[in-house]
Amino acid sequence: MPAPDILVRAHELTKRFGQFTAVDAISFELRQGEAFGFLGPNGAGKSSTMRMIGCVSPPTGGELSILGMDPVADGPAIRSRLGVVPQEDTLDVELTVRENLLIYGRYFGLPRAVIADRTDRLLDFVQLTERGNDQVEPLSGGMKRRLTIARSLINDPEILLLDEPTTGLDPQARHVVWDRLFRLKQQGVTLILTTHYMDEAEQLCDRLVVMDGGKIAAEGSPRELIDQYSSAEVLELRFHPSEHDQAAEKLRDVPAERMEVLADRVLLYVPDGDAALAAAGDLGLEPLTSLVRRSTLEDVFLRLTGRRLED
Amino acid sequence: MSAPAVWQRQPAVEPAAAGARRVPGPVVMALREFRFWLVNYRRTWKGTIYSSVLNPVLYLGAMGLGLGKLVDQHGQLGRLGGVSYLVFLAPGLLAAAAMETAMGESTYPVLGSVKWLKTYYAAAAAPLRPRDIFHGHLMFTTMRLIMNCAIFLVVMSAFGAVKSAWVLAALPVAVLTGLAFAAPIEAFAITRDKDSSFAALFRFGMIPMFLFSGTFFPVSQLPAWIRPLAYVTPLWHGVALCRSLSLGTADLAGSLVHVGYLLALAAIGIAVGQRTYRRRLYV
Amino acid sequence: MSEQTLRKLPLRILPPALLATRRGALGGKESVHVVERHARAYRHQWVMLVSGFFEPLFYLLSIGVGLGELVGKVQFAGMSVGFTSFVAPALLATSAMNGAVLDSTFNVFFRLKYAKLYDSALATPMRSGDLALGEISWALIRGGLYACAFMVVMLAMGLVHSAWAVLAVPTALLIGFAFASVGMAATTFMKSWQHFEFILLATLPMFLFSATFYPLSVYPRPVQILVDVTPLYQGIAILRGLTLGVVTPGLLWHALYLAVLGVAGLALASRRISRLLLK
């Protein structure tokens, strides 16, 4: 008997499309009230995992239990308790903003009066009250995203699934979305989200797994992952393209925990960035630009997979 | 890891490169847009040929031969100018097919280029002016009209539905009929934001014209009060002229009136289209 | 075998996954929400909805004033029938076919591939069967309205010759059901708009050759058999029998044909939607 506060339990969960394995025997558990993230580049298997949790994609192998039920046999029963924000907005452009919530609510079999009451509060929550009777099409990208989030909350879900909630939004719109999601989290809604933005993961997730090539590469809180897989500081150096390779070679003499040579930059993982910069200067290197910063999840990902997140 | 290849601008000293910077004449510009449509069409032309052949075969077979049998038996041929129903119907369908081709090319593809695929904006970012884009698409429409009407004429002759060698002149007339629709409708389509008005155009424009402008029966059978409405439709002029050419009964004065009317519509469409394309693409 | 074992049997033979997809494979009462959605959407473009009625009306008028005069009378079941009376039921059948095909092909394809309407609905307790049944129900409601209006016009023009014509609207719905189901199933196999040429390739010859404009007897025997098996001909045969008052038990066979076609199409469409979206 699983602990009562485990909402999603996956054991060796696998999804194959023909010969291609999108999700490769991953295991994780999701507890009530936490914000859980899947971090990884495009094609890591995040969306496939999300679709399996959303009961719109039967697993090929392993076990998956959601709210104590089997997603294949009890799909409709589980879905009635989930909220889903898909990667691309699937708003109904033939309807107004309010009608989108109405029809979606009807799909859950909710009475009109209940939907009307929730619609008022949800539109207020996502700051779209004034646009209620407008058509969906002319809304900005950020507004559409917020409407999609409002729509996913119409059934008062126990778990909210968000697949790349802010991909394609401008910085300001992203912050508005983050703010709303943070408030939901404060209200005790369990969030599952995928992202390839490390800042998003750091902002929203209590706990996350790093996915790559269908497998889980690491698991923990953002802080734990950074402490475990990266240094305190990072020195980023950029050289003239003609000197890039030579400079990288010379930099091996600077003491560092690790060095990453990217196509356009060299990263030095060090306890003290300023000291490392001074050491590079002593070697006679003249970078075009230099930056000392704290380690982020991006660095964790680079360390774990040898690749960058946002390519 | 190696550094990515660096893109370098070519210095514009070679005569060829310098030539590319001179703005060419309107025909060359329009041809560039025409070529774009042509390249696109290479992917779909096979499907369109099937329907270009099948449409006349099906209609002439079912209506001309099948229904024609009943009409010819009923002995109303006097109303049809003394010819069999097949011979009466075929040139009318030719003009109607030109209308259909023109409407198809000038509605959704235009809105699609400006709204869904946005290829018109890509062309407008190159040296092409809005009018070049418009003319280029009209050229393509003309080419489609020539293809479809020529195929129709061949099928029609194979059915033995032609009475006179003058029918060859029906090809340019049918194409002109198509353009009398295509130019004004393209000028209109570019101003649209939704495709809902096209459905209305088809339902309340094309289908009534198809049914009442003399294609299937002489306009003289319509009640007198509604006949003038049929006479102002471009399709009636196209049908009447194609029919008189196919039957060998055309006279110069009547033909000139029909051609003049169709030319005027096409010219007005082109003049308006140059403005509406400009207004839409340069905001 | 006792009733108890019988009831347990499928559970033992079929894996639960298969049972789950079977349940509601033909759609349930939830499909009404799809109809609700379409009714909402069409409030914003009711002109489009109303205009759909005019197309068959234009055809009917054109035949009444034009071709009807040229053709005169047609021999049907030993009677001499006015051409317009002969063609009108065929036009009703064709309009039921065209309406159902339009709704279940172009519109469904758009919702499936572009509007992603079904993706969002399947994130809720709705099932693919509900979607298929909902789409078909909507097509039938719309087709039913058009059929009623068409029958009123036929009555006004004196083209209804028998009280059996009260069954014409239900028959039009049956025709719509058959074509909507098959059309929707076909749509799930379509990959691009180009494939829609095939739909026209199927419906146009049916419209022109299914004894729409002249009796089946003008064809040579082999062609007659070919026409006889087309679903549109089945529909035209029933409607013509009803409005002209030539009602035989044979009409029931035509009705059965259309019903079977419709159910088979619906089952296939719902399975295919699952296959496409629940992967």
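Biologist: How many residues does the contact take from chain B and from chain C?
Modeller: This is a predicted model, in which local features need pLDDT of at least 70 and side-chain atom pairs count only at pLDDT 80 or more, while totals for chains, interfaces and linings use all residues. Residues are numbered from 1 along each chain as its sequence is written, and chains are lettered from A and ligands numbered from 1 in the order in which they are written. The contact takes 28 residues from chain B and 28 residues from chain C, where two residues are in contact if their C-beta atoms, placed from the backbone, lie within 7 Å.

Biologist: Which elements of chain B give two or more residues to that side?
Modeller: They are α2 (26-74) and α8 (196-212) of chain B, and α2(B) gives the most, with 13 residues. Helices (H or I, at least four residues) and strands (E, at least two) are DSSP runs, numbered from the N terminus.

Biologist: And by class, what is on the side of chain B that touches chain C?
Modeller: That side has 17 nonpolar, 8 polar and 3 charged residues. Here Ala, Val, Leu, Ile, Met, Phe, Trp, Tyr, Cys and Pro count as nonpolar, Asp, Glu, Lys and Arg as charged, and the others, Gly among them, as polar.

Biologist: Changing topic, how many helices and strands does chain B have?
Modeller: Chain B comes to 11 helices and 0 strands, and its C-alpha trace spans about 85 × 35 × 35 Å along the principal axes. Of its 283 residues, 43% are buried, meaning that 20 or more other C-beta atoms lie within 10 Å of the residue's own, whereas 12 or fewer makes a residue exposed and anything in between partly exposed, with C-beta atoms placed from the backbone.

Biologist: Where does Phe159(B) sit, then?
Modeller: Phe159(B) is in the loop between α6 (130-158) and α7 (170-189) of chain B.

Biologist: Why does Phe159(B) count as partly exposed?
Modeller: Phe159(B) counts as partly exposed because it has 18 C-beta neighbours inside 10 Å.

Biologist: What is Phe159(B) in contact with, leaving aside its neighbours within four places in sequence?
Modeller: Its partners are Leu60(B), Gly64(B), Leu86(B) and Ala90(B). Leu86(B) is 73 residues away along the chain, yet the C-alpha atoms of Phe159(B) and Leu86(B) are separated by 8.5 Å.

Biologist: Last one: how many residues of chain C are in contact with chain A?
Modeller: On chain C there are 24 such residues, and they meet 24 residues of chain A. The chain C side has 13 nonpolar, 4 polar and 7 charged residues.
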